[in-house]
2 protein chains.
Amino acid sequence: MFRKLMTFDEAKRVIAEKLKPEALGEKEISLLEAYNRVLRENVVSALDIPPFNRSTVDGFAVKAEDTFGAEENQPAKLKLCGIVNLGEPPKIRLATGEAAEIVTGAPIPEGADAVVMVEDTDREDAELRVYRAVTKDGNVMKKGTDIKKGETVLKAGQVLGASEIGVLAALGLTKVKVFKVPVVAVLSTGGEVTEPGKELPAGKIYDINAYSLSTAVRESGGKPVYLGVVPDDKAALRKALEHALASADMVLTSGGVSVGPRDLTPQIVDSLGKPGVLISGIAVKPGKPTTVALIGRKPVFSLPGHPTSALLMFHLLARPVIQLMSGRPATEAKTVKALAAARMFQAKGRRTFVMVKLKRDRLDRLLAEPVETGASGAITTLAKADGFVEIPENQQFVDADEEVTVALLKEAV
Amino acid sequence: MFRKLMTFDEAKRVIAEKLKPEALGEKEISLLEAYNRVLRENVVSALDIPPFNRSTVDGFAVKAEDTFGAEENQPAKLKLCGIVNLGEPPKIRLATGEAAEIVTGAPIPEGADAVVMVEDTDREDAELRVYRAVTKDGNVMKKGTDIKKGETVLKAGQVLGASEIGVLAALGLTKVKVFKVPVVAVLSTGGEVTEPGKELPAGKIYDINAYSLSTAVRESGGKPVYLGVVPDDKAALRKALEHALASADMVLTSGGVSVGPRDLTPQIVDSLGKPGVLISGIAVKPGKPTTVALIGRKPVFSLPGHPTSALLMFHLLARPVIQLMSGRPATEAKTVKALAAARMFQAKGRRTFVMVKLKRDRLDRLLAEPVETGASGAITTLAKADGFVEIPENQQFVDADEEVTVALLKEAV
């Protein structure tokens, strides 16, 4: 299966059908830590909300019929029989012709069936004059009208934001079952890279990918495990990959997937379990050497060493897998329309992704300006590119001034 | 100063001018934990990248002039003098007429000034035939061409994503100075609410706001400190507010700001330090009782008890303050255009925010459908509303089918 280039669409199909990424399982966590997590199961209310008939205004609890016919010049006259305290079961029971002081949110006392607003009344000692009639249930929020006991209030798969967490609190919950966050081991290979934070040996450069990909994992809803740079020999690489597979739900490697004699990663990955390597090279540019394997149930993505290519392939292929493993829908990158600032060429029948920077011209039109992605722009490309333009296999180029769709790699532009 | 309603615009101006929210200070953190944090200072590269002249292809390091005139039928013939290892300083020094095997990323050996691609060569024992001439610096990425030592590569205020963290790793860094995350204490008041997770006493409902606002703080880039529900008496409230001010950079309370006799919060807040309460009621609907104070340098927002009003006022007024305290620009809510599904009225000269749910009609037009926000929809409103439509003070209503701008409270719609 090695070295046969798949089309980009075939690769995506193989990932969907063979990797079959799906949510990993559940975890019960504190509601206060549940921001941005995904609900594991439908949430059914165990109580009526409100749990009692409740006043929606400040005023006086009454029997509605005692106010019938009341108007500005002919107030109904009622006898004040007490105060309903907020947050307590009422100690009062209203008889005909009586009224009880009440505030917003307090329970309606027995015998009362409506509340007149304080603005529509006036009082003198124990006598209350009501200048406007109120109908039965007027200014009362009845038990269970907001949420009924047994009602499904949130559905499995919903992402928890401030509103959803507020709703769960309303039900009295402090814990919630969410999908597990997939743990993704990230390691770099290649004899030319060394880990940041150490002295730079002559002839080497600092590794970028383990850091940028770890961050991209986090951004996608996964939990990265940074494993750093693995020495460029077979035994060390095998040991590192075995460790990565044992300690994570998914593995990302970068480097070591070109055709050079030292590019051992795919061979070792393939030997670690079944079904092994499923995709060995994709007809895309950049990112051609990308390989994808499945070892048991764990996906292994071996991305190119070039930082921009690695991050691009991550976004296109690995990110949706992490999202699905988190119980989220796989989201497409957000896109904006822009005008191509220059002609962009497709590469020899391969699906081509041109990294671009967005800027506005003097007419305030949004332009997509290609950013050099060759070896000579490895690092600064990362910092400059806002997104990419995709050129299909059957199109030779995108012309300058043509409208293009830019898929955004960064949220804010 | 109490009870004079400010217009919404005045309130925003007072917050900008009197609270003067600004970034809190710096913290050095691990690069692996820096996702979504804000860079505290410009980052200047301490090294040239690449740190040496580097091959951008697999092939042979040569003296360019030794290949001049080489073509398909007339190859230049060179003598192979060794191999340049990846990740090591080259041990070779090229003499005229010599070539050395080299891979992508390896340092150019002394004496060489170009690399011929392996596809353009052919070898027999120690003889290399070069079928295409290469110019000086051809296929060489020269020292410092990507980033120069002393060059500013990232600027203070940039939010750190995968690309930026990759760039920092390229410089050899493993730590980075970022702005501190503002700590925001969140507490609820009101005799009718009790904390989730406990038995529900008769006459009470579960508190929503401390949970929804804590989550909203996190969503805005702050760190919430959940202080729960404070008993509804003066001494307890004063103690809780003093504790909140001592342990956080900002305080959010909800409930206890209406005109009822028990609404003590603003009075106590005002007594805790100078300048005290700056905004005491805003001519908005909902959210009128919102008060804003500054105690020393710490903002205190006292939001309404109604969960939807509290969250709305948080978004409009407190969220930008948290963003500025995190070193971020204050962002406006994202908006979408939609058609009003029903007439929406402005409330008595107050800036009015109508909570709406977005949905598509049969013609696939996006509609903004008002969600009931009265007392009778307190909790379900939170779950249903996607955003809000703003109606200015000088406009009586928005008509059905009119185009409206919906500010989104949730990211995904």
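Predicted model: local features only at pLDDT ≥ 70, side-chain atom pairs only at ≥ 80, totals over all residues.
Two copies of a chain are related by a rotation about an axis and a shift along it. Here, chain B is superposed on chain A by a rotation of 180° with 0.0 Å of shift along the axis, and the RMSD is 0.1 Å. The two copies are thus related as by a two-fold rotation axis. The contact between the chains involves 66 residues of chain B and 66 residues of chain A. On the side of chain B that touches chain A, two or more residues each come from α2 (162-170), β15 (205-206), α3 (209-219), α6 (307-325) and α7 (378-384) of chain B. Of these elements, α2(B) gives the largest share, eight residues. Sorted by class, this side of chain B holds 37 nonpolar, 19 polar and ten charged residues. The copies meet through the same surface, because 100% of the interface residues of chain B are also interface residues in chain A.

Within chain A, four domains are assigned.

A residue of the loop between β1 (26-30) and β2 (43-44) of chain A, A:Ala34, was examined in more detail. A:Ala34 has 23 other C-beta atoms within 10 Å; the cut-off for a buried residue is 20 or more, so A:Ala34 is buried. Leaving aside residues up to four places away in sequence, A:Ala34 touches A:Ile29, A:Leu160, A:Ile165, A:Val176 and A:Val178. By contrast, A:Phe68 is 34 residues from A:Ala34 in sequence and 50 Å from A:Ala34 in space, counted from C-alpha to C-alpha.

Chain A contains an open sheet of six strands in the order β7-β4-β6-β5-β9-β8, and the pairing in this sheet is mixed. Its edges are formed by β7 (114-117) and β8 (121-124) of chain A, each of which pairs on one side only. On average, and with direction ignored, neighbouring strands of the sheet are turned by 40° against each other. One of the pairs in chain A is formed by β4 (residues 59-62) and β6 (residues 98-102), which run in the antiparallel sense and share four bridges. In this chain, A:Val62 stands opposite A:Ala99 of β6(A).

Chain B also has an open sheet of six strands, with the order β7-β4-β6-β5-β9-β8 and mixed pairing. The edge strands in chain B are β7 (114-117) and β8 (121-124), and each pairs on one side only. Neighbouring strands of this sheet are turned by 40° against each other on average, again with direction ignored. Strands β4 (residues 59-62) and β6 (residues 98-102) of chain B are paired in the antiparallel sense over four bridges. In chain B, B:Phe60 stands opposite B:Glu101, a residue of β6(B).

Most residues other than glycine have a negative phi, and most peptide bonds are trans. In chain A, the bond that joins A:Lys274 and A:Pro275 is a cis peptide bond, with omega about -5°. A:Pro275 belongs to strand β18 (residues 275-280) of chain A. A cis peptide bond is also found from A:Lys285 to A:Pro286, where omega is near -5°. A:Pro286 is placed in the loop between β19 (284-285) and β20 (291-295) of chain A.

Positive phi values occur at two aspartates, one in each chain. A:Asp125, which is not a glycine, has a phi of about 50° and lies in the loop between β8 and β9 (127-130) of chain A. A:Asp125 has 6 other C-beta atoms within 10 Å; an exposed residue has 12 or fewer, so A:Asp125 is exposed. In chain B, B:Asp364 has a positive phi of about 65°. B:Asp364 is located in the loop between β24 (351-360) and β25 (366-370) of chain B. B:Asp364 counts as exposed because it has 6 C-beta neighbours inside 10 Å.

Terms used
Residues numbered from 1 in each chain as written. Chains lettered and ligands numbered in written order. Least-squares fit on C-alpha atoms with pLDDT ≥ 70 in both. Contact = placed C-beta atoms within 7 Å. Domains from an automatic or database assignment. Nonpolar A, V, L, I, M, F, W, Y, C, P; charged D, E, K, R; others polar. Pairing = 2+ DSSP bridges. Axes fitted to C-alpha atoms, helices over the stretch in contact; angles between N-to-C directions.
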